[in-house]
Amino acid sequence: MADFREQRAAVKLCFLLGKSGTETLEMLKTAYKDDAMGKTQVFEWFSRFKNGEMSIDDKPRSGRPSTARTHENVEKIREIIKEDRRRTIEEIVELSGVDWFFHHDNASAHTALSVQQFLTKNGMTPVPHPPYSPDLAPCDFFLFPRMKRDMKGKNDGGAVKHLKR
């Protein structure tokens with residue numbers, strides 16, 4: 001993703017000089033060619049400046065939380081689990097210092113009233129998940145392909161042969 005901070009500063013300068021959004025857009029296209037901000041972005045920033053919001057920094061976004069998944073944290077949690085595989089999530093959080101979030105998509109089984117009541121009763125807050133956001137389902141893009149790769153060539157005791165029949 002391109003960093004548009006420099007272009008936002010140019011948009012602010014044009015705004016302060018009394019240029020229109022259209023004039024500013026054309027100037028950005030001339031200067032930055034294919035890397036120029038889009039029309040919607042330029043007019044959004046003009047609107048912010050007109051409303052007195054003079055910062056060129058992005059507003060904080062809701063959605064996916066910042067991640068605590070680092071190599072060090074993964075290794076720390078892996079070692080804690082290896083020591084005792086029966087530890088609860090609460091114990092792992094306490095020992096590792098890494099907060100865990102309950103990832104919950106919008107599948108009907110997850111949004112059912114009984115499930116929502118259970119989560120509320122037990123003080124569990126799921127991470128909000130916008131509809132149709134596969135990028136927020138790390139299992140599909142991280143866990144399962146990695147599991148398949150790690151299991152490739154390992155003996156499954158003949159289970160796959162029985163399933164293929």
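This is a short walk through a predicted model, stop by stop.

Local features here need pLDDT of at least 70, side-chain atom pairs count only at pLDDT 80 or more, and totals for chains, interfaces and linings use all residues. Numbering starts from 1 along each chain as its sequence is written, and side-chain values use heavy atoms, with hydrogens and water left out.

**Whole chain.** Start with everything in cartoon. The protein chain has nine helices and two strands (DSSP runs: H or I of at least four residues for helices, E of at least two for strands, numbered from the N terminus). From the N terminus on, the order is α-α-α-α-α-β-α-α-β-α-α. Of the 165 residues, 19% are buried, meaning under 20% relative accessible area with a 1.4 Å probe, protein chains only.

**Core.** Next, select Phe-4, Val-11, Leu-25, Leu-28, Ala-36, Met-37, Val-42, Trp-45, Phe-46, Phe-49 and Ile-56: these 11 residues form the largest nonpolar core (buried Ala, Val, Leu, Ile, Met, Phe, Trp, Tyr and Cys joined through side-chain atoms within 4.5 Å). H2 (21-32) and H3 (39-50) each give at least two residues to this core, and H3 has the largest share, with four.

**Met-37.** Now click on Met-37. Leaving aside residues up to four places away in sequence, Met-37 touches Phe-4, Gln-7, Arg-8, Val-11, Leu-25, Leu-28, Val-42 and Trp-45 (contact: heavy atoms within 4.5 Å).

**H1 against H2.** Show H1 (residues 5-16) with H2: they pack at about 140°, axes 10 Å apart. Axes are lines fitted to C-alpha atoms over the stretch in contact, and angles run from 0 to 180 degrees between N-to-C directions. The pair is therefore oblique, the class left over once under 35 degrees is roughly parallel, over 145 roughly antiparallel and 65 to 115 roughly perpendicular. For side chains, pick Glu-6, Gln-7, Ala-10, Val-11 and Cys-14 in H1, which meet Thr-24, Met-27, Leu-28 and Tyr-32 in H2. That contact splits into six nonpolar, two polar and one charged (Ala, Val, Leu, Ile, Met, Phe, Trp, Tyr, Cys and Pro are nonpolar; Asp, Glu, Lys and Arg charged; the others, Gly among them, polar).

How values were computed. Buried means under 20% relative accessible area, exposed over 50%, partly exposed in between (1.4 Å probe, protein chains only).
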